[in-house]
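Here is a short tour of one protein model. Look at the sequence and the fold first, then read on.

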Amino acid sequence: MDSTEEGDRGAAGISVDELHKFFENQALQTRKLRRFLYRKVGLTRQRKVLDAGCGTGVITSELSEAAGGAVVGVDRKNELIEFAMRSFPGVDFITADCGSLPFQSDSFDLVVSHFFLMWADNPHEVTREFFRILKPGGIFVACAEPDYGGRVEHPENPEFSDALRSSLEVKGADTRIGRKLGSILEAAGLGSEVGISSNLIAGGELLREYEANRLLYKHDLRAVLDKTSTDRILRIERAQIERGKILTVPIFWAVGRKPV
Ligand SMILES: C[S@@+](CC[C@H](N)C(=O)[O-])C[C@H]1O[C@@H](n2cnc3c(N)ncnc32)[C@H](O)[C@@H]1O
């Protein structure tokens with residue numbers, strides 16, 4: 001399981017199309033968790049829904065099929081919003097920063113995010129903004145935020161896991177956002193329920209995930225390692241996977257409600 005911030009990579013040679021494939025693959029990994037959370041927040045009854053930090057619109061399009069009303073996806077990266085508009089023509093998207101949303105206070109029933117808070121420069125600020133735009137009784141659900149501090153693997157490849165974490169941090173990610181979710185929602189006034197989903201990935205599934213992410217790993221690792229080291233630790237990782245490696249990274253979720 002990995003997560004990516006697209007802007008830097010886009011600029012440095014990873015196409016938006018490749019990022020979209022990455023986001024689709026990432027969404028596959030959390031499909032069951034989202035189904036559980038959508039039921040929990042009554043998605044089919046929600047009439048005005050925001051997908052915060054929507055990227056290329058993978059989750060927005062899913063929400064627009066399942067929600068009981070209008071869905072809008074918001075991302076600060078215009079090239080991703082343009083891609084989303086082309087890919088999902090029936091869905092509403094706008095380019096905006098979630099720290100300062102162009103929406104009236106008390107106007108949304110549900111705000112959804114997926115692998116977003118780890119990339120927000122100020123997760124407290126955006127969560128306070130979600131509180132502002134939610135109607136009294138409205139819900140914020142942070143569907144999936146990883147915590148790399150809880151990564152467990154066997155056999156270990158610390159050079160790879162440390163470099164991957166560092167490369168995400170260099171790009172601005174909070175790789176320990178998972179454990180902070182509850183306190184962030186509480187601080188914004190959204191009393192919260194927090195949970196963890198922990199997939200054990202192994203065998204063919206881990207190999208598929210490795211292959212799907214290899215280009216991005218390679219690209220990310222080059223931000224903190226030279227080419228020889230990058231190639232070497234990726235070779236070690238692949239060999240470990242072929243010999244039956246197991247891996248899990250905890251994915252936290254949180255649901256908060258604005259008081260009536
Ligand atoms: C890892 S991507 C996730 C995309 C999408 N939620 C998904 O799961 O496919 C994180 C997204 O958050 C966006 N983002 C980060 N900070 C933001 C902010 N303050 N306002 C709007 N979008 C933001 C990034 O541009 C990026 O597209």
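This is a predicted model: local features need pLDDT of at least 70, side-chain atom pairs count only at pLDDT 80 or more; totals for chains, interfaces and linings use all residues.

Two strands pair if DSSP finds at least two bridges between them. S8 and strand S9 (residues 246–248) run antiparallel and are joined by two bridges. Ile201 has Leu247 in S9 as its bridge partner.

**Confidence**

The protein chain has an average pLDDT of 93. A score of at least 70 is reached by 95% of the residues. One stretch needs care: over residues 4–12, pLDDT stays under 50. For that stretch the model has 23 contacts beyond four places in sequence.

**The seven-stranded sheet**

Another open sheet holds seven strands. Their order is S3-S2-S1-S4-S5-S10-S7, and the pairing is mixed.

Strand S1 (residues 48–52) and strand S4 (residues 108–113) pair in the parallel sense. Four bridges link S1 and S4. Here Val49 stands opposite Leu110 in S4.

Helices lie against this sheet. Helix H5 (residues 78–87) packs on the sheet and touches S2 and S3. The direction of H5 makes about 165 degrees with that of S3. Helix H4 (residues 58–66) lies across S1, strand S2 (70–75), S3 and S4. H4 runs at about 170 degrees to S2.

**Helix against helix**

Two packed helices are described by the angle between their axes and the distance between the axes.

| Helix pair | Angle | Axis distance |
|---|---|---|
| H2 (residues 16–29) and H9 (residues 203–221) | about 150 degrees | 10 Å |
| H2 and H5 | about 75 degrees | 11 Å |
| H7 (residues 158–170) and H9 | about 75 degrees | 9 Å |

Start with H2 and H9. They pack at an angle of about 150 degrees. Angles over 145 degrees count as roughly antiparallel, so H2 is roughly antiparallel to H9. H2 passes H9 in a left-handed crossing. From H2, the contact is made by Glu18, Phe22, Asn25 and Gln29. From H9 come Glu205, Glu209, Ala212, Asn213, Leu215 and Leu216. The residues of this contact of H2 with H9 divide into four nonpolar, three polar and three charged.

H2 also packs with H5, at an angle of about 75 degrees. H2 and H5 are therefore roughly perpendicular to each other. Val16, Asp17 and His20 of H2 meet Glu79, Leu80 and Phe83 of H5. The residues of the contact of H2 with H5 comprise three nonpolar, one polar and two charged.

H9 packs with H7 as well, at an angle of about 75 degrees. H7 and H9 are therefore roughly perpendicular to each other. H7 supplies Phe160, Ala163, Leu164, Ser167 and Leu168 to the contact. H9 supplies Tyr217, Asp220 and Leu221. How do the residues of the contact of H7 with H9 divide into nonpolar, polar and charged? Six are nonpolar, one is polar and one is charged.

Definitions and conventions. Residues are numbered from 1 along each chain as its sequence is written. Side-chain values use heavy atoms; hydrogens and water are left out. pLDDT is the predictor's confidence in each residue, from 0 to 100. Contact means heavy atoms within 4.5 Å. Axes are lines fitted to C-alpha atoms, for helices over the stretch in contact, and angles run from 0 to 180 degrees between N-to-C directions. Angles under 35 degrees count as roughly parallel, over 145 as roughly antiparallel, 65 to 115 as roughly perpendicular and the rest as oblique. A crossing is left-handed if the near helix is turned anticlockwise from the far one by less than a right angle, and right-handed if clockwise. Ala, Val, Leu, Ile, Met, Phe, Trp, Tyr, Cys and Pro count as nonpolar, Asp, Glu, Lys and Arg as charged, and the others, Gly among them, as polar.
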